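Here is a short report on one helix pair, written for someone who likes to check geometry by eye. Please have a look at the model first.

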Amino acid sequence: MNVAAVIMSIFLGIGAILAVIRIIVGPTALDRVLGLDVLLAIVLCALAGDMVINEHTNTLPLLVALAFFGVTGSISITRFISRRDEP
């Protein structure tokens, strides 16, 4: 199980670095929102991986709350940006 945890950590770390680069460099606001969504998904995957590896469900409410706020936040930002771009 330790090998799986190390491999998961490496891939999630690489994904997080690439998402942060997209957030910093992203030429448009939508690219930055997409980078934030990816970073949030990586955090959710890390929390879920921790629950599987350590065999507990203590962080499940946090996982659900983060997923809810992530989805509603990105939808509201996208709607705000799309309304701003309309003539």
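Predicted model: local features only at pLDDT ≥ 70, side-chain atom pairs only at ≥ 80, totals over all residues.

Let us begin with the pair itself. The axes of helix α1 (residues 2-25) and helix α2 (residues 29-54) come within 8 Å and cross at roughly 165 degrees. Angles over 145 degrees count as roughly antiparallel, and α1 and α2 therefore run roughly antiparallel to each other. The crossing of α1 past α2 is left-handed.

Both helices contribute residues to the contact, as listed here.

| Helix | Residues in the contact |
|---|---|
| α1 | A5, M8, L12, G15, A16, A19, V20, R22, I23, I24 and V25 |
| α2 | D31, R32, G35, L36, V38, L39, I42, C45, A46, G49 and I53 |

By type, the residues of this contact divide into 16 nonpolar, three polar and three charged.

Now zoom in on L12, which lies in α1. Is L12 buried or exposed? Its relative accessibility is 18%, so L12 counts as buried. Leaving aside residues up to four places away in sequence, L12 touches I42, C45 and A46.

Finally, consider α2 on its own. At 1.5 Å a residue, its 26 residues should span 38 Å, and the end C-alpha atoms are 37 Å apart, which agrees. The buried residues of α2 are V33, G35, I42, L44, L47, G49 and M51. Just after α2, E55 takes a positive phi of about 55 degrees.

Key
Residues numbered from 1 in each chain as written. Heavy atoms only, no water. Helix = DSSP H or I, 4+ residues; strand = E, 2+ residues; numbered from the N terminus. Buried < 20%, exposed > 50% of the residue type's maximum accessible area, 1.4 Å probe, protein only. Contact = heavy atoms within 4.5 Å. Axes fitted to C-alpha atoms, helices over the stretch in contact; angles between N-to-C directions. Parallel < 35°, antiparallel > 145°, perpendicular 65-115°, else oblique. Left-handed = near helix turned anticlockwise from the far one by under 90°. Nonpolar A, V, L, I, M, F, W, Y, C, P; charged D, E, K, R; others polar. Expected span 1.5 Å × (residues − 1).
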